[in-house]
Amino acid sequence: MDFVNAIVQVLDSTIRLSVPLLLACLAGLFSERSGIFDIGLEGKMLVGAFAGAAAASVFHSAFIGLGMAILISVAFAMVHGFASITHRGNQIVSGVAINFIAAGSTIILGQAWFQQGGRTPALQPGERFESITAYVISNFLSTYSFSTASFADFLASIRGLILYLPALLIDALARIPGFGPIFAELVLGHSILVYFAFAMVPFTWWVLFRTRFGLRLRAVGENPAAVDTAGISVAWLRYRALICTGILTGVAGAYLSMVQNGGFVKDMTAGKGYIALAALIFAKWKPVNAMFACLLFGFLDAASIRLQGSPLPIVGKVSAQFMQALPYVLTVVLLAGFIGKAIPPRAGGVPYVKER
Amino acid sequence: MAQAAIELIGINKSFGAVRANRDINLEIARGTIHGIVGENGAGKSTLMSILYGFYQADSGEIRVGGNPASIKTPNDAIALGIGMVHQHFMLVDNFSVLENIILGAESDALLKRSIAKARSELERLEREYGLDVDPDAIIEELPVGLQQRVEILKALYRGAEILILDEPTGVLTPAEADHLFRILKQLKDQGKTVVLITHKLREIMAITDTVSVMRQGTMVATRETRKTTVEELAELMVGRRVLLRVEKGEAEAGAVKLAVKNLTVKDSRGVTMVDDISFDVRGGEIVGIAGVAGNGQSELLEAISGIRRAVSGSVMLDGKPIDLTGAADPGELRDRGLAHVPEDRHHVGLVLAFEENENSILGYHDDPRYLRGPFLNVDAIMADARDKIEKYDIRPGNPRLKTANFSGGNQQKIVLAREIEQDPGVLIVGQPTRGVDVGAIEFIHKRLIAMRDQGKAVLVVSVELDEIRSLSDRILVMFAGRIVGERGPEATEGELGLLMAGVERQEAAA
Amino acid sequence: MSTPYAKLPAWADYGLIPLINLSVAFIVAGFVVLLVGENPFRAAVILVEGAFGKGTGIAFTLFYATTFIFTGLSVAVAAHCGLFNIGTEGQAYIAGLGIAIVCLSFDSVLPWWLTFPLAIVASAAVGALWALIPAYLQAKRGSHIVITTIMFNFIAASIMVYLLVGALKPAGSQAPQTRNFLAGAELPKLNWIIELFGAKIRSAPLNVTFLLALAMAFLVWLLIWRTKLGYEMRTYGHSPKAARYAGISETRIIITAMMISGALAGMMALNPVMGDQHNVAIDFVSGAGFVGIAVALMGRLHPVGIVLAAILFGMLYQGGAELAFEMPAISRDMIVIIQGLVILFAGALEHMFRPYIQALFASFSPRSVGMEAVKGKGA
């Protein structure tokens, strides 16, 4: 039972740790598929995390926080676009610039506004996104099932009627011995942003391969001249791709500061943007692969935390640093072409200039 | 005269200090095939790009079907029924034919419906114009001729009434070109207007109804095709009688300097580009290799000069073999007296961002003359560069000037000076006069003949048949990676054209 | 490869435009200062005074500049060969390992002037080796060097943490760092040079590595513009195809350039490790490798420009420390913002103001921008 418990916990934290990677990875997918290399994922995630936690704490609303995270993250994506699309600057250089500006400004503004050493105030319930089970149980079952008076009020509201039955169902499922707790933990024990992240995988695939926008997006990453002569604005198309990138990095940041952590801490992305980039290459720029790559990298992270100091059956003691470095080592091995070849979008990295 | 499909009135366009189009007037009649000829750089493509909305004119007026039109983007052009087939195809290589055709003209936000609609429409177009293409084929797997067909279908799918083709036959064999011309005639019969941009007079004479000639950004004349001659057009294009033949004496061929035997070369995709080729070049002769671009000439040159790995075969330089395993050092070959003027001077033969003097040692930077230990001998390099500038009349004569600021002809002279002044035994030259102004062409041809007269072996590859015929003592024709024939310089254009089309081989295969 | 921009006189190209870009970066930074409720002009005064006002400040400024000269040169050497070495950070970090081994082995037996050369060789060698793998993968397997060097930064960090909490940590110590070096691995200070000019210095870490950095700047200039190797690197950097044509081996030139770049990055570690902290601690590089990108871009890849840009960043680091002291709302992270803005405006948006400057020049004298026609391209 202890073993099962351990596995459930590792899988659970795998999901939690994969989510920011997955969101950032899909964000990078939109950008890179449109022909813009994006090493600025890290910075955009970071400003998203800061803006989200700061706004949530000031306005006491998780959703305002999320909105702000997205807004600011998109704004940074637009700066990247302004430099690398409008002014045809080096995409990597502008990405690096974004990361620096993000790292510095989140700390400076955080300190100036909240005076907590670059942190934002700890988020209160309601200011952060809670797990579905916690939300349902705290808001409905615990409150209402013990008070008949308010229970009647509750039933009167349609919203309650819709939510109460699933809440009961969840509660009942969670009580099934053995399976119940695992189910509650693994499947339902997450915030809405987690479900959003995983829903984005098929959605991204659908957008990319089943819509007009996706067709044009892929085309502009392969041959922008073909898009230009077909009467479509290359710049606007790429800007739209970057808006998608900004939205997703914003959500990724919000997840870090408003779900995983109850507030913003300086440099809280801690290289996740780069791991996401590695996952994107690992996934060969495909959405479903991206999910598996992020789950793998998330699992390595979770396992390294779990295994800190404790020996494994066959291999013996594995150092945490080794596990942490593994995603990077795997990506280098992949890039070296030892396990399949990762071929990036053909027009990636090159600003589009009309030929003379 | 029929009603005008397009009228261009007083079009001007400059790029920086370069005036690409000056005060151009042009009228194209509906339902005709109208040719526009001119040398490289005459402003033909710029003019058509303005018509297609890719560039905007600085001043002037465009009328389509008699109505003033404002064409700011390709979209505007498409809406007015103008379609364009670019010189470099505007296709997404890893998309299917259908995906390429609907790109930018999707009927629906969802692909499924757009593609379904396009599929039936495409079938209709294919039937109507005899343009067979598998709609689900991936572009990069199609031969160039079919890719071009996709470009035409793309324009027709968008409802083009006026079709502009920019140098459409550059990558085609004569047979494919003839097929294209049949398609264009059919389009004309259906009432479409076709504008054909080319610098090949043969094509103009073969297919157009009217022809306009451009020179240095201006429109110099418009003629009815059946009332003009190749000679007249050629004169209009260059502005004076062309020196079609360079004066040269009889060749005195000596010993074999370069011997190629059973050479086979593949490109990066693994496609065989040079297929079991054998030939010799002797001292004191110029051997010309003719052929349509893309038939393995580039790969042949690269293999001989040690840049590209060969699969099998041998190349002997002065009786000693060249390492063809890809480990060959082009520097070592230079030491052995093999000089190479590459086809692409912008990216291969020169570093445009370098100063002129730095380019004058490219490839010879190992030469002790230019070095002091591991250091560059700047004084020696500068003196050498000044010397070459003088001898080859390179203008402007400033060895410190960035190479990008020289004209095409002068850039080519920089390369030639560097290679010829090393006094090599064998000189191989790819496209000696591509993008070079007329004055420099004559200079370059004379230099090459002078090399021959000094007893050097010269191998010239060119897609310009005129150039091959006027320079060569022997002409080899390449088709699909093989040498399909050898002729003397007296061979007619028609004879060589048939060889270049691989006609004999195709008949044998059929 | 013709640039879409016309020519400007050299002084405008190398002086005016970088100056404008830099000014814009600082103006934007000024707005950030306003945003946190401080006076940007007062902040600027404090910053400059903190960096140059006193002898100690100058010494600190030059100490930081030393570090940035190395990383800036490292980025520039790779860039001349067309390679974006974003792995300077990791190469410098792992070089600390080489220095640690030399110093811990010899600090009790050799004087500093013998330990120092050994440490130079060790740091350069380790840095070069760490750059070798991404270089090899780029040259032989076509792996994108930007990505591999980023990955190698993280791998280097993992290795260093592993060693510093393990093998390199003295028994019984809690702090993740090596033991402190003895006198045989402590570099002499250079503060007396500044004191010659009459300034007083309390204690500042400026040390002989500064002279090494200046020597390296000169050697890099020599390498790039005056040697055959530099010529080959620049050829490859501008056009790999031309390099192949000229008989320059792609593998050899990529690996050589990256190893030189890595060696320069590695030498950076000498400055903080032997000149200041006298031990190897976790994260002692603290972003200096990335500052190198900004320094190289601002210095336009020329050693003279890089030394000037490094001093400017040294000034920001030193003045920034004073600023954080005087204005509590502004921490030293302000520099990180400025750094980002400099990279943005001097790097990615390098050409933003160029058309306006050109228009301005053209309106004064059309001849001065007389762009030569690049004929023969397109029709």
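How many helices and how many strands are there in chain C? Chain C has 16 helices and 0 strands. Please keep in mind throughout that this is a predicted model.

**Chain C as a whole**

Let us start with the overall dimensions. A compact globule of 379 residues would have a radius of gyration near 21 Å, and the 22 Å of chain C agrees with that. Along the principal axes, the C-alpha atoms of chain C fill a box of roughly 75 × 55 × 40 Å. Of the 379 residues in chain C, 57% are buried. The contacts tell a story about sequence separation too: among those between residues at least 6 apart in sequence, 77% join residues at least 24 apart.

**A helix to look at in chain C**

Helix H5 of chain C covers residues 112-141, which makes 30 residues. From the first C-alpha to the last, H5(C) reaches 42 Å, close to the 44 Å expected at 1.5 Å a residue. Where does H5(C) bend? The bend, of about 30°, is at Leu132(C), and the proline Pro134(C) follows within four residues. After H5(C) comes Gly142(C), with a positive phi near 70°.

| Side of chain A | Residues from chain A | Residues from the partner | Classes on the chain A side |
|---|---|---|---|
| touching chain B | 17 residues | 22 residues from chain B | 7 nonpolar, 4 polar and 6 charged residues |
| touching chain C | 38 residues | 42 residues from chain C | 22 nonpolar, 14 polar and 2 charged residues |

In the contact that takes 17 residues from chain A and 22 residues from chain B, the elements giving two or more residues on the chain A side are helix H10 (212-222) and helix H11 (224-229) of chain A. H10(A) supplies the largest share of that side, 5 residues.

The contact with chain C takes 38 residues from chain A and 42 residues from chain C. Here the elements of chain A that give two or more residues are helix H3 (62-86), helix H4 (91-114), helix H13 (272-282) and helix H15 (320-335). Which of them gives the most? That is H4(A), with 15 residues.

**H13(A), an enclosed helix**

H13(A) deserves a visit of its own. Why can H13(A) be called largely enclosed by the rest of the structure? Because 11 of its 11 residues are buried. Among the buried residues are Lys272(A), Gly273(A) and Tyr274(A), as well as Leu280(A), Ile281(A) and Phe282(A). In chain A, the buried residues of H13(A) pack against helix H1 (2-33), helix H2 (41-59), helix H14 (287-306) and H15. They also pack against helix H6 (145-164) of chain C. H13(A) is followed by Lys284(A), whose phi is positive, near 55°.

**Domains in chains A and B**

Chain A is divided into domain 1 (2-126 + 190-335) and domain 2 (132-186). The contact between these domains takes 4 residues from domain 1 and 4 residues from domain 2 of chain A. On the domain 1 side, the residues divide into 2 nonpolar, 1 polar and 1 charged.

For chain B, the assignment gives domain 1 (4-238) and domain 2 (256-351 + 423-509). How far apart are the centres of these two domains of chain B? Taken over C-alpha atoms, 33 Å separate them.

Key. Residues numbered from 1 in each chain as written. Chains lettered and ligands numbered in written order. Predicted model: local features only at pLDDT ≥ 70, side-chain atom pairs only at ≥ 80, totals over all residues. Expected span 1.5 Å × (residues − 1). Bend = angle between axes of the 7 residues up to and from the residue. Nonpolar A, V, L, I, M, F, W, Y, C, P; charged D, E, K, R; others polar. Domains from an automatic or database assignment. Rg over C-alpha atoms; globule rule 2.2 N^0.38 Å. Buried ≥ 20, exposed ≤ 12 C-beta atoms within 10 Å, placed from the backbone.
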